[in-house]
Amino acid sequence: MKALILLEGNNDGIFLKEIIQNTAFPNIRPNYYKNQGTKPQKKVEETKLLRSFCRKDCEHNLLIEEEGGKGFVLSLFHNVIVNFLITNKNIHLTVIFDHDGNDPTKEIEKINKNLQDKTFGRIELKPAVPKKQIIPGLYSREFFLTINQGKYNRNLTSFSFISFDKSLECEVAKLCHKSESEIDENDIKFFASKIKFNDLIPNSP
């Protein structure tokens, strides 16, 4: 099993690298990629990177994409779901993002509706298990990707959302008793030390 993780930004990258360094299995071979450039350039590079990652001879079994913002993450999520997960079921997708104080249920419903609109109602998300609290303010939600076939629905694959009710920075600030503007890289690493890799990737490579 390979794993693909989509992240919002630099602080999320610091957070994830610390978790991998501390608790990931020795056979994890990560590739960290910061997606930069114009929108057309980013799309071309994403496609090349994902196609290479899907190949059996790829040297990496974990691909981490840092997208530079929530909007980019969710846009790529829909692209990956439709164009890669359906045909590459050996890849488990995890999307790490912030709800920024929005209602998580409503925001996920909106993500689901956007997916349904993109696929003309053929594909949707359905919860696989009840949400799980990793630590206060951070939850894991697992979903099936389901295709609608007339009267019947069929599960194609599964994936995970790891999301902060507010933000990574907010939870780090709480733990370290600082304001968000005062936290630094060491604070993020300290926060990450409270979390295990298996909390993020249920089926680790």
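1. Helix 5 is mostly covered, with 7 of its 9 residues buried. Buried means under 20% relative accessible area, exposed means over 50%, and partly exposed lies in between, with a 1.4 Å probe and protein chains only. The buried residues of helix 5 are Leu 168, Glu 169, Cys 170, Glu 171, Val 172, Ala 173 and Cys 176. Helices (H or I, at least four residues) and strands (E, at least two) are DSSP runs, numbered from the N terminus.

2. This is a predicted model, in which local features need pLDDT of at least 70 and side-chain atom pairs count only at pLDDT 80 or more, while totals for chains, interfaces and linings use all residues. Residues are numbered from 1 along each chain as its sequence is written, and side-chain values use heavy atoms, with hydrogens and water left out.

3. On confidence, pLDDT is the predictor's own value for each residue, from 0 to 100. The chain average is 89, and 95% of the residues score at least 70. Among the elements of the chain, helix 6 has the highest mean pLDDT (96) and helix 2 (residues 39-54) the lowest (79).

4. What do the buried residues of helix 5 pack against? Their partners are helix 1 (10-23), strand 4 (91-98), strand 8 (152-164) and helix 6. Contact here means heavy atoms within 4.5 Å.

5. Helix 5 (residues 168-176) and helix 6 (residues 185-192) pack at an angle of about 85°, and their axes are 9 Å apart. The axes are lines fitted to C-alpha atoms, for helices over the stretch in contact, and angles run from 0 to 180 degrees between N-to-C directions. The two helices, helix 5 and helix 6, are therefore roughly perpendicular to each other, a term for angles of 65 to 115 degrees.

6. From helix 5, Leu 168, Glu 171, Val 172, Leu 175 and Cys 176 meet Asp 187, Ile 188, Phe 190 and Phe 191 of helix 6. By class, this contact of helix 5 with helix 6 has 7 nonpolar, no polar and 2 charged residues. Ala, Val, Leu, Ile, Met, Phe, Trp, Tyr, Cys and Pro count as nonpolar, Asp, Glu, Lys and Arg as charged, and the others, Gly among them, as polar. After helix 5 comes His 177, with a positive phi near 55°.

7. The largest nonpolar core has 32 residues, and those with the most contacts inside it are Leu 4, Phe 77, Leu 93, Leu 125, Phe 159 and Phe 161. Such a core is a set of buried Ala, Val, Leu, Ile, Met, Phe, Trp, Tyr and Cys residues joined through side-chain atoms within 4.5 Å. Helix 3 gives the largest share of this core, 8 residues. A second, separate core of 30 residues includes Ile 20, Ala 24, Cys 176 and Phe 191.

8. Two loop residues deserve a look. Asp 100, in the loop between strand 4 and helix 4, has a positive phi of about 55° although it is not a glycine. At 47% relative accessibility, Asp 100 counts as partly exposed. Phe 120, in the loop between helix 4 and strand 5, also is not a glycine and has a positive phi of about 55°. Phe 120 counts as exposed, at 79% relative accessibility. Most residues other than glycine have a negative phi.

Conventions. Parallel < 35°, antiparallel > 145°, perpendicular 65-115°, else oblique.
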